[in-house]
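User: I'd like to learn how to read a fold from its contacts, strands and core. Could you walk me through one?

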Amino acid sequence: MKQTFRKNEKLCSPKIIGRLFQRGSSDVHTFYLFPFRVLYLYDPLKEAEPTQVLFSVSKKNFKKAVDRNLIRRRCREAYRLQKEILVSGSSAARPAYIAFLYLAKETSTFSVIEKAMGQSLARLSKLPPASKSDTVNS
């Protein structure tokens, strides 16, 4: 499998991003794995397409754009190198949309981010397939 991160894998839709960050929504599932909070959403209509991913770094914790961009680049690279963990599973079991929120207060090294990303993707790949009650068509 090619280790690429193409445009169709980036989550850009404001409607879907709004669904991911909607408070109190039963569609959105989440877990914490330092330094990430991972939000994910299933969509039964999008099983054959690749999972779309979003990386977010808080402006509150990192005032300089240079620092935020560095962390985002490290997160994207860690995802790109390890996404086969997620892709190798069945398409029904994997989430359609994932958001990785970086929560640490200081910049982490690439090795720390890579290890956490691998653990997050392994956890996402071991999730049970989405049931019809977990998904909402909108």
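Analyst: Happy to! This is a predicted model, where local features need pLDDT of at least 70, side-chain atom pairs count only at pLDDT 80 or more, and totals for chains, interfaces and linings use all residues. Residues are numbered from 1 along each chain as its sequence is written, and side-chain values use heavy atoms, without hydrogens and water.

User: Which residues is Phe100 in contact with, leaving aside its neighbours within four places in sequence?

Analyst: Contact means heavy atoms within 4.5 Å. The partners of Phe100 include Phe36, Val53, Phe55, Tyr79, Met117 and Leu124.

User: Which residues touch the most other members of the largest nonpolar core?

Analyst: In soluble globular proteins, nonpolar side chains tend to be buried together. A nonpolar core is a set of buried Ala, Val, Leu, Ile, Met, Phe, Trp, Tyr and Cys residues joined through side-chain atoms within 4.5 Å; buried means under 20% relative accessible area (1.4 Å probe, protein chains only). Here the largest core has 25 residues, and Phe36, Tyr79, Phe100, Tyr102, Met117 and Leu124 touch the most other members.

User: In what order do the four strands form the sheet?

Analyst: Strands of a sheet pair through backbone hydrogen bonds, either parallel or antiparallel. Strands are DSSP runs of at least two residues, numbered from the N terminus, and two of them pair if DSSP finds at least two bridges between them. In this model the open sheet runs E1-E2-E4-E3, with mixed pairing. E1 and E3 are at the edges with a single partner strand each, so one side of each has no neighbour in the sheet.

User: And how do E1 and E2 pair?

Analyst: They are antiparallel over five bridges, forming a hairpin with two residues between E1 and E2.

How values were computed: Buried < 20%, exposed > 50% of the residue type's maximum accessible area, 1.4 Å probe, protein only.
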